[in-house]
Amino acid sequence: MACTGNERKIVAVSQCSMDEWRDQMNEEMRREAFFHTDLNVEYHSTADNSEEQIKDIESFIERKVDLIVVAPNEEEALRPVIEKAYDAGIKVVMIDRKANTDKYTAYVGGDNVDVGRQAAKYILDKLPNGGNIIEIEGLASSSASQERKIGFHEVIDRHP
């Protein structure tokens with residue numbers, strides 16, 4: 001993302017929520033951006049509010065930012081605005097979570113299905129004679145929560 005002359009690129013980061021994990025993620029982006037004087041990075045958080053996140057991304061599109069980094073709060077709710085940004089020629093990088101679309105430039109995140117599998121394997125290891133399990137999950141409409149549930153049930157459902 002090199003620039004010529006005094007032109008500065010605008011990177012808009014849209015976090016779905018704020019917590020220690022996202023604080024650290026933002027700090028790492030700030031640290032990296034420090035070495036690129038041609039970048040202007042701005043950070044937004046919408047406190048788990050998809051409507052607010054959509055408004056933020058709409059404003060990024062209107063301002064014609066160069067790159068949107070987004071952790072979508074809900075995969076279906078954010079799909080149209082993410083597609084709109086991508087169709088407008090803005091590069092879109094999804095982090096940690098996904099939207100239900102293939103219109104994005106890159107995805108940076110973990111394998112949430114495998115996270116679910118590993119959690120189930122851990123539980124099975126700790127309960128070799130069986131037991132009762134209570135499943136607590138995140139926002140049902142987030143890709144991370146859905147994918148973790150899939151992986152968890154791939155393993156746990158084979159063990160009564």
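Author: A pocket is an open set of points on a 1 Å grid over the protein atoms alone, where a 1.4 Å probe fits, with protein on both sides within 12 Å along at least five of seven lines; its lining residues have an atom within 4 Å of a point. Its volume is the space filled by probe spheres set on the points, which are joined across faces, edges and corners. This is a predicted model, in which local features need pLDDT of at least 70 and side-chain atom pairs pLDDT 80 or more, while totals for chains, interfaces and linings use all residues. Residues are numbered from 1 along each chain as its sequence is written, and side-chain values use heavy atoms, without hydrogens and water.

Reader: What volume does the second largest pocket have, and which residues lie nearest its centre?

Author: The second largest pocket has a volume of about 260 Å³. Its lining consists of 14 residues, with Val-11, Met-29, Leu-39, Leu-67 and Val-69 nearest the centre. By class, 12 are nonpolar (Ala, Val, Leu, Ile, Met, Phe, Trp, Tyr, Cys, Pro), one is charged (Asp, Glu, Lys, Arg) and one is polar (the others, Gly among them).

Reader: How many residues line the largest pocket?

Author: The largest pocket, of about 410 Å³, is lined by 26 residues, and Arg-148 is among the closest to its centre. This lining has 10 nonpolar, seven polar and nine charged residues.

Reader: How is an aromatic pair described?

Author: One gives the distance of the centres and the angle of the planes. Rings of Phe, Tyr and Trp (its six-membered ring) pair if their centres lie within 6.5 Å; planes over 60 degrees apart count as edge-to-face. Phe-34 and Phe-35 form an edge-to-face pair, at 5.6 Å centre to centre and 80° between the planes.

Terms used
Rings of Phe, Tyr and Trp (its six-membered ring) pair if their centres lie within 6.5 Å; planes under 30 degrees apart count as stacked, over 60 as edge-to-face and the rest as tilted.
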